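Biologist: I'd like to learn how to read a protein model. Could you walk me through one?

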Amino acid sequence: MKRFRWLLFQPFLLALFLLLAPLSPVSARAGSQPVARQNPHIVILPTNFQHVSPAAASDLSYHGGPVEETPTAHVIFWGSSWLNAGRLIKAGRVTSHFFEDAPGTAYFNILTQYSDGGGAIHNQLNFSSVVDTSNPPTDSNCQGMYPNSTVEDSSLQAEIRAEITAQHWQVNNSTTFLVYPPPTDFVHNSFGCSEQQYCAYHGTGSGIGSYAAMAFPFSSACQGLPQSPSGDIFSDSLVNVTSHELFESITDPLLNAWYGSGGLSDEIGDKCAYNFSAGLTFLNNGGVYEVQTEYSNAAHACTNHNP
Ligand SMILES: [Zn+2]
């Protein structure tokens, strides 16, 4: 796709992986979301529907780069609105629980079939998180729904670098930094705006290595889940895009390891984006999630477990 080829020539090597939902499942969303958050102005480009079509028949292939053999996720919730009365809001709590509940499960075991020259990915996750209650600089590059407050990708990368220093986090081939901008803000990068061109993305940044940015799924464009096990569509949708970027960051952290014949828009999560064919996914600690399936070469299919 032209958009992505163009992307590969960007000097800072940011890859964008579209996560736009099909319009059809919207009617199946939980009925509790405020009508005020609906956005009638979003137009999903027909080209984006490639990313929500059924799983491709071809497997992932290895391109020589590192995988995260001992996966590590450092999470940043950025902005004062992530806290309410000193406590992480529900979307942050549910997302944090997902990171805690996933490792050691049959779901996370999908990852262990992928390896690099040093060995296979382990069914584990080193997870830590921080809430930064400072608010990011914003502009109004993305518009069309409330509140037109936009965080730039460059600001997200700068925030990650600041937290690497503040938290004494290490940067290495097994680490991804996952940043969550304020729940009321768009994200803007060289491809455009969250909720309009994408829902989340991962790539590499200077001084960071692998990172991912998950815009808050405040409109139906980035929701589209058949079920909402937490009872809050925003929380479940945020976990869904998180699962996609987490799996891709682990199997293709530097964008040169595992992806399919479609290139960097054909990674482990892309092949199964918005494919909920496996139903709910049951993880550790009683955690139940509506996450998309992930591609398994062993099964030649989208699945939520291995074996
Ligand atoms: Zn993707």
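Predicted model: local features only at pLDDT ≥ 70, side-chain atom pairs only at ≥ 80, totals over all residues.

Biologist: What helices and strands does the chain have?

Modeller: There are four helices and 18 strands. Of the 307 residues in the chain, 48% are buried.

Biologist: How do strands of a sheet pair?

Modeller: They do so through backbone hydrogen bonds, in a parallel or an antiparallel way. Here, five strands make an open sheet, ordered 7-2-9-13-12, with mixed pairing. From one strand to the next, the twist averages 20°.

Biologist: In which sense do strand 9 and strand 13 pair?

Modeller: Parallel: strand 9 (residues 175-180) and strand 13 (residues 209-214) are linked over four bridges. Look for Leu 178, whose bridge partner in strand 13 is Ala 212.

Biologist: Now the single residues. Is His 168 buried or exposed?

Modeller: His 168 has 7, so it counts as exposed. You'll find His 168 in the loop between helix 3 (153-167) and strand 9. Its phi is positive, near 60°, and His 168 is a residue other than glycine.

Biologist: And what about the phi of Asn 285?

Modeller: Asn 285 isn't a glycine either, yet its phi is positive, about 60°. Asn 285 sits in the loop between strand 15 (281-282) and strand 16 (288-289).

Biologist: Which residues does a cis peptide bond join?

Modeller: Asn 306 and Pro 307, with omega about 0°. Pro 307 belongs to the segment after strand 18 (301-303).

Key:
Residues numbered from 1 in each chain as written. Helix = DSSP H or I, 4+ residues; strand = E, 2+ residues; numbered from the N terminus. Buried ≥ 20, exposed ≤ 12 C-beta atoms within 10 Å, placed from the backbone. Pairing = 2+ DSSP bridges. Axes fitted to C-alpha atoms, helices over the stretch in contact; angles between N-to-C directions.
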